[in-house]
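Please keep the model in view while reading.

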Amino acid sequence: MSNIDLIDRLAADGVLAEEEFTELLATYTAADRDYAAALAYRIARGQFGTQLHAWGVIDLTNHCSKDCFYCGLCRSNEALERYRLSTEDVLRCCAEGHDLGIRTFVLQAAEDPEFGDDVADDLIWRVRKGFPDSAIALSFGERSRAAYQRYFDAGADRYLLRHETADAEHFAQLHPRRSTLANRIRCLEDLKSIGFETGCGMMVGTPYQTPLRLARDLLFIADFDPALVTVGPFLPSSSTKFTGSPAGSVEKTLFMLSLVRIILPDADLPVMTSIATAHPRGREMAVMAGANVVLPNLTPPADRAKYSLYDGRVTLGRDAAEGLAILMKRMAAIGYTLASDRGERQRRKR
Ligand code: 5AD
């Protein structure tokens with residue numbers, strides 16, 4: 001069966017066998033990639049039209065107790081200046097974003113022990129009360145089921161936790177021994193069963209990744225059926241174990257994004273900052289390959305650069321307003337406008 005036939009069958013069935021995904025990922029050509037992108041783009045246009053949702057990201061803290069081998073925020077990176085926003089700072093960022101028309105806030109935090117469940121719970125309540133017409137998405141990492149339940153009860157709607165890789169051995173090659181794929185999956189299952197619109201995802205091009213391992217990511221995604229998926233290239237970060245490793249390929253990242261769109265026609269697929277960092281037209285290319293959400297940054301400009309997951313993380317504009325204006329002008333150039341609602345899931349079964 002040709003790769004084009006495999007892509008068509010993926011569109012018809014929503015999944016392929018592990019050997020088929022592996023074969024596709026090991027042998028695809030630029031023409032196969034373009035074919036998948038065109039199909040993914042048509043699917044996204046059919047689902048979402050020409051409106052993009054803008055989710056405003058607020059990076060709350062870059063203190064981290066974990067030591068993931070790829071991440072610039074890892075505990076052992078002593079070169080990094082650490083910061084933590086106060087609850088008041090975060091509410092100010094939300095207010096600024098809300099005035100700009102943003103109706104989803106992504107509260108993102110490294111695994112900061114000082115940012116405990118009580119602080120998080122209080123923050124979510126206050127954002128929920130202050131912005132009743134907006135969705136709240138969280139990305140606070142691995143926490144207990146009880147903590148996730150509290151966040152949900154406080155009014156959070158979505159939770160993003162990348163699985164990073166669905167292959168346990170690969171997971172162990174990317175993380176210190178005390179982090180496990182089993183716990184990551186426990187978290188994702190808890191989040192979904194609590195009722196969050198749950199997101200998983202992975203980097204493309206991490207050390208030790210293979211076509212088989214990427215195939216396992218796609219199988220995991222097809223099986224888990226998340227409401228959102230984030231896919232971005234691995235970009236090396238100084239002061240990490242993987243400093244000297246090559247960056248992931250932009251083209252492969254876009255191919256993976258398109259395959260995910262074909263598997264999950266109605267999922268939210270954000271354009272990640274990593275793809276924008278890896279290529280000057282990365283945002284546009286991701287939308288043309290099936291993405292439907294953009295992520296303007298609402299973090300105070302003075303702290304933005306310190307949330308350095310990888311080197312050179314780009315930000316648009318000097319502040320939130322300028323950043324959003326530049327972003328939407330660029331998206332307008334490829335035919336998109338900003339949606340004004342929170343991105344409801346009524347259309348979804350999940
Ligand atoms: N390159 C790209 N993405 C990264 N992340 C962490 N470090 C890097 C990197 N070097 C992503 C991980 C994690 C999220 C917080 O950021 O996938 O889940």
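A residue is called buried when its relative accessible area is under 20%, exposed when that area is over 50%, and partly exposed in between. The model is a predicted one, and these classes are applied to it below.

Helix 4 covers residues 87-99, and at 1.5 Å a residue its 13 residues should span 18 Å, which agrees with the 18 Å that separates its end C-alpha atoms. Within helix 4, the buried residues are Thr-87, Val-90, Leu-91, Cys-93, Cys-94, Gly-97 and His-98. Because these residues cover an arc of only 155° around the axis, they lie on the same side of helix 4. That buried side packs against strand 2 (56-61), strand 3 (104-109) and helix 5 (117-130), whereas the face turned away from it carries the exposed residues Arg-92 and Asp-99. Just after helix 4, the chain reaches Gly-101, whose phi is positive at about 100°.

Positive phi values also occur in residues other than glycine. Asp-225, with a phi near 55°, is such a residue, and its place is in the loop between helix 9 (211-224) and strand 7 (228-233). Its relative accessibility is 28%, so Asp-225 counts as partly exposed. Ser-239, likewise not a glycine, has a positive phi of about 60° and lies in the loop between strand 7 and helix 10 (250-263). With a relative accessible area of 39%, Ser-239 is partly exposed, because that class takes in values between the buried limit of 20% and the exposed limit of 50%.

Terms used
Residues numbered from 1 in each chain as written. Predicted model: local features only at pLDDT ≥ 70, side-chain atom pairs only at ≥ 80, totals over all residues. Heavy atoms only, no water. Helix = DSSP H or I, 4+ residues; strand = E, 2+ residues; numbered from the N terminus. Expected span 1.5 Å × (residues − 1). Buried < 20%, exposed > 50% of the residue type's maximum accessible area, 1.4 Å probe, protein only. Arc of directions from axis to C-beta. Contact = heavy atoms within 4.5 Å.
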